[in-house]
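Please open the model in a viewer and keep the selection tool at hand.

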Amino acid sequence: MEKCREKREWGEKVSRLGGKVRIEKVLTDKVAPEWKEKKVQGEEKARGEGKASGEKRSQGKERVSKGDGRGFKRGRGEGQAREEQLSKDQGKGRVDKERVEELGWVEEQGRDKAGKQREEQTPGERKGRGQGKGRGVGKVWAEDPEKGEARYRTRYQGRARARRKGRCEEMGGGGAKSGGETRCKCKCRCTTRGSSRTGESWSHVARCPAMYPAGPAWPKLRVLRALWALLAVLLAPWRLWAKEDIQECIWHVVLIKFEAVGEEGRSDRFFDLEPLESLDSVFSLLVDAPTDQNEKYLGFPYYLKINYSCGGESSEAQVRKGHLTGLKPLVLVTFQSPVNFHRWKIEQLQIQMEAAPFRSKERCNAEEVCAMSWYTPMPIKNGSVVMYVDVRSNGLGPFVQNKRFHVNINGFLQKQQDNTLQFTVGNEIFNLIPRYFINVPSRPLWHTVNQTPVLILGGIPDEKSVLLTDTSFTDFFLVELNIDSCWVGSFYCPQASFTATIYDAIATESTLFIRQNQLVYYFTGTYVTLHESNQGSGSWVRVLANECIKKLCPVHAHGNGSEYIMALTTGKREGYVHFGTITDGRVSFELLPRQRSVCEGLQVVNCSIIWAVFIAGDYNLLLLVQMEDPTTRKYFQVVSYDLVSNYLAILYTIPEFIPDARGLEFLMLLGTESHTTFLMVPKGMFYNQYSNLLYIWGNFLLQSYNYENFIYLADFPKEQSIKYLVNSFRGDMAIVTETEEIWYLLEGSYRMYKLFPSRGWEVHINLQVMHQSSVYTPNETMVTLFYEDTKLYQLVYLMKNQQGQLVKRHVPVEQLLMYQQLSNHYFFKRQGSHLTLSFTNFCPFSVMRLRDLPNPQVYSRQERYQARPPRVVEPSGFHNENSLAVYQGLVYYLLCLHSEYHKPYADRVHDSTWSWSNKKQDRDYYFYLASNSQSPGNVYIDMASYEKIYDLKADYELPERIFLDKGTSYVFSVFLRVGGQSLEFTPERVLTSEELKSTVDLGVVLADPGCIEAVVKQKFLINRNSVLFRVTLSDKRSCFDQGLSGHHLLETSMLLKVAGAVGHCFQNTHQGPRMGQ
C-alpha cells in the first residue's frame, strides 16, 4: 500500500502479520446514492454529462435529470449554492449583485481563447425525457451539503418570466440557425448565447434585478421573495462567521467548594472526597415534591463553575448576553475506569448535566444582574480518580467551541489547621527561577496512560524539585521534595559525581516514583475512592536501598489489574532488572531473571541492560542488552524473558552499521543489505500494546510487528540521535532528538516528517507573530513534549521583557505538514497577462466520510445518565443556593442508584432508576403546582429529567473503544470521492470503474489477525466519481483468554489506510485540519 511496496490487485490481501483481509468487489455501473439523499436536477450526470430533459428551449436543449420524467421541485432557493461560494469571498462583509452572479446564481458556459462555445453535449442529451410545458428551466449550480459535491439544481421561471423570455427569443430570431449572440431590449435584459451547431445545448444567463427571483410568480408573495433574496445574501458567508466565532469564544471551567458558590475570582483544588450531609434541611422543605422524605440525601463537595470569553477577554456583558440569548452550557463528565478491576467493576460511565445560571454574590447596583456564571455539581465515583469534563453549547446564543477539561483528584494535598492546603510530598516554591529552565534539555513525561491523575516532571538542574500538575499542565506547581538526598557510594556502586537533580520521574494511578543519583523513592497518595482507606505514605519511601540503580524504565500501559515499573541495575547486580508491581498503592519489587543474570544466561562475560520493555498481556520482558566481547566490538541484542517459564532467548541482533537505504523510505532488514560507515548506537525501546509495534531507537529508528523482523526507517538522519519518543497510542508518534528537533511519524506508515525546525514551523511562527500571540517568543526553551487526547503539546518556558513564564502550547502537526507541502509543491500558472500561484494536490481523494455507523452504546459499553437542574419559579431564571443544593442531592442520589444496582446491562428492563417510576406518575400534579407558583421551596423537580439514556446516535466517527463479544461483528462504511474541488464551475470528467480502482485503494491492518478478521467490500459509484468501502470487523472465536466481564480483555487495534494518503491528505474540521490515513 506504500509507494515502495508492490501494488496488488484487490481480492485477497495478506497483512504483514499474516492476517488475511478479504476484499470482495461489487461493481455497479450507475449506483444510486445510499445516503438517504433526495435526488435533484442533474444529479445523474453532473457538470457536463447529464442526460437531456427533452424540454423545449428557445434555442437548443437544456439538460436536467430524468428522475420520473420531471425535474424534482426541491426548493426554489439556491441558498446552499450561494453560501458555499460566497463564503469563500474572504474578508468581505457585503455581497453585491454582480459578485453573486459571478459566483454561481446562474451557470454560464465558458469560452475558449477563440471565443467559441465549449462543446459538452453527450449522446445522452438526445435521449432524455422532460416536461415541455412552456416554462423554461434555468440551471443553477448548488452544493450538496451531504456529498460535498456540486450538482445542478433546476428552478421554474414562472409565467411572467417565460413570457418575457419568449419575447426575447422572438426578437432574437432563430438563434439556432444564426449561431451567434442575440440580445433583446426587454426589461430583464435576457442574454442568450448559442453555438454554431444546430441542436447543441444552450445556456441562458439572466441578468435581472432582485425583483425577479427564481420561483413561480405568485403575486401575493412578493414580500416573501424579497426576504428570500435577503436571506440568501445573509447566509452566504455564514461559514466564515462561524469560523471566526470558533476562534474567538472558548469555555472556562474552575472547581469551587460547595460553600463558595457565587464568589468571584476563586478556584479550589480537588482533594476533599467526603460527601456533604448538610442537605437534609433543604430537602425537608420539599414536602409536596417527588422526593422521598425518608431518604437521606447527600451532596458532592464541589461545583463546576463555567464561564466563557471571546477574543481573549472575559466580560460580564458577554456572559449576560449569552444568558439572555438562551445559552446554556451542557456538561458531560466521563469517569475513567480504575486499574484494579478485581476490586472495582469495569464500566464506561458518563453523566450529562445542564448548567444552572447563578448570580454573583458580589455587590451589584444593577436591577437584575451584574456578574453571573453557570454551575453544575462535580460528581465523584468510587474507583475513579481521573475525570474528563466536556463542555459544549446548547446551540443558542453565541457559538462557543467545545472544550475538554481534565479534572482529576489530587491525593498529594492535605489541609492544615488554618484551612490552607499543603503538599505532602514537599514544599511549594512560588518563584520560577530562569536557570531552572533556560537552556536545560527537555525530558520525557512518563506516566500510566489515561490512568494518572497527577503528573510529575523532574530534570531541574541541581535542585530536588519537580513540577506537579493535576490538570495536564493547564496549571502546575513547583515543589521541592522532602527527601534525605543521601549519596551512598561504594566499591560495588561507583558514583563519579553527586547531584540533587531528579533524573527519572514516573507517575502511576496513586503512586509517584523518582530517582536521584542511584537512589529510588516512591510516594503513595491518599485516595479514599480507590483504596477505601487512608493508605497514603505520609513521606517518601526509599526502596532498593542496597542496590545501585542507574535508570528507571516506565510501563505506559497497565495490565492484569496492576501497574508496573522497572529499575535497571549496575555494579554488583549488572545484568538484572528489579521488576516493580503497584497494586492498590502497594509497591513490591522482584529481581529478574530469577535464576541467573542475563549475562550468564547469554554466556557472555560482560553485558549491560540499557533498556527494558514489559508486555503485560504476554508476561514477557524485552531487554535491550549491550554485549562486550574481548575479541570483537560492542554489539547489541534484543533479549526476551518469559516471567512464567523463566525462559531467556535472543530475538534479534542489531546490525553494527546503519543500513544504506539508497533513496528508499524504508528498508526491510534481511541481512543481505549494504551498510554505511556509521555505527548503530541504540539507546532505548518503545512498545505499543495496541498495535503490537516495537521500536528500537538511537541514531536510527527500527520498527517491528513480531519482535524478530525489523524495518529501517530511512527518513531519520543518521547524524542525529533520538532522546525520547512520545506516543498518543492512537496512531501518532513524536520524536525528540538530542538537539531538540521534533519529528513526526504516523504509525503504520514509513515516512517521517521534521516538524521543528522546518519551513512549516517558520510559516507558523510568522503567522503567530502577525496575530500577536503571547505564547510564542524568540527566546524560549522546550521543557517537555506530550500527547493529550490525540493532540501534541509542548511545555515551554518563555522569556519576554525579562520575565519568565511556563506555558502549555499546542503543536499544530497537521498545519505544519500542510505548510511544508504547500511550500515544496507549488507552481505558477499563466492566466492572460499575469501569473497566478497554484498548488499541487497529492491526496487521492477529495471527500472522506464514515457511513452506516451503528449506534455506539452496544459496542462501546457506554452508560450515560442525564440530569437537568430543577426549575426555579423566579422569572429571571436564576438559581439560588437551595436550588443548587437540590441539584447536588439529586445527582448524588442518581449515581447512588447506579452503583447499588450492579447490573451491567444496557436495556430499559434493567434500568437502575426504576424506583423513580412511581414518582413520575404524579408529574402532572407537580407541574400544576409549579405553573401556579406553589411549588415548595420555589423549586419544581421533573423526575423525567433524571434518567438513563439508551438511544445515543453515532457522531460521524468511530467510537474510541469497540467491544466485540465472541463471534460478533462491527460493520461500517467508508465513502471516498475522487476528484479535486475548485472554485471554478468547470465540468468534471466521470471516471470509469477501472480508473476509480487505480486511484483509491483501501487497506486494513490488524494488530491481532489471529483473533480479529476484517472483510472489505467495495462498490463503485461511477455517477459520483466515488467508491464505497463496507468494512466488517468480526471476532474469529479463536481467542479464549478472557475472563469475566471486563477481565483480561485483549486490547488490539485496527488501522484503515488509503494508499498514498499519509502526509498528503488533511481533513478540514471546525477545530482545524486533521491527518488522514
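**Before starting**

This is a predicted model, in which local features need pLDDT of at least 70 and side-chain atom pairs count only at pLDDT 80 or more, while totals for chains, interfaces and linings use all residues. Residues are numbered from 1 along each chain as its sequence is written, and side-chain values use heavy atoms, with hydrogens and water left out.

**The whole chain**

Display the chain as a cartoon. Its secondary structure comes to 17 helices and 64 strands; helices (H or I, at least four residues) and strands (E, at least two) are DSSP runs, numbered from the N terminus. Of the 1077 residues, 54% count as buried. Buried means under 20% relative accessible area, exposed over 50%, and partly exposed in between, with a 1.4 Å probe and protein chains only. Among the contacts in the chain with a separation of 6 or more, 62% come from residues 24 or more positions apart; contact means heavy atoms within 4.5 Å.

**First stop: helix H8**

Select residues 316-324, which form helix H8. Which residues of this helix are buried? They are Val319, Gly322 and His323. Seen down the axis of H8, these buried residues fall within an arc of 100 degrees, so they line one face of the helix. The arc is that of the directions from the helix axis to the C-beta atoms. An α-helix has 3.6 residues a turn, so residues three or four places apart point the same way.

Just after the helix, select Gly326, which takes a positive phi of about 95 degrees.

**Second stop: the disulfides**

A disulfide is a covalent bond between the sulfur atoms of two cysteines. Here it is identified as a pair of cysteine sulfur atoms within 2.5 Å, and by this rule the count comes to five disulfides.

Begin with Cys249 and Cys310, which are joined by a disulfide with an S to S distance of 2.0 Å. The pair links distant parts of the chain, with Cys249 in strand S10 (residues 249-257) and Cys310 in strand S11, 61 residues apart. The link of Cys249 and Cys310 is right-handed, with 100 degrees about the S-S bond. Cys249 is buried at a relative accessible area of 4%, and Cys310 is buried at 17%.

Next, select Cys364 and Cys370, whose sulfur atoms lie 1.9 Å apart in a disulfide. The torsion about their S-S bond is about 75 degrees, so this disulfide is right-handed. Cys364 counts as partly exposed, at 31% relative accessibility.

Then move to Cys843 and Cys1065, joined by a disulfide with an S to S distance of 2.0 Å. Cys843 lies in the loop between strand S52 (834-839) and strand S53 (847-851), and Cys1065 in the loop between strand S62 (1054-1058) and strand S63 (1066-1069), so the pair ties together parts that are 222 residues apart in sequence. The torsion about this S-S bond is about 105 degrees, so the disulfide is right-handed. Are Cys843 and Cys1065 buried or exposed? Both Cys843 and Cys1065 are buried.

Select helix H11 (residues 759-770) together with helix H12 (residues 813-824); their axes come within 7 Å and cross at roughly 110 degrees. Axes are lines fitted to C-alpha atoms, for helices over the stretch in contact, and angles run from 0 to 180 degrees between N-to-C directions. H11 and H12 are therefore roughly perpendicular to each other, a term that covers angles of 65 to 115 degrees. To view the residues that meet, show Arg759, Gly760, Trp761, Val763, His764 and Leu767 in H11 and Gln815, Leu816, Tyr819, Gln820, Ser823 and Asn824 in H12.

**Last stop: two phenylalanines**

Select Phe710 in strand S43 (residues 710-713). Phe710 is buried, with a relative accessible area of 0%. Leaving aside neighbours within four places in sequence, Phe710 is in contact with residues including Tyr652, Leu667, Met668 and Ile696.

Finally, select Phe498, in the loop between strand S24 (477-481) and strand S25 (504-507). Phe498 counts as partly exposed, at 39% relative accessibility.

Terms used:
Parallel < 35°, antiparallel > 145°, perpendicular 65-115°, else oblique.
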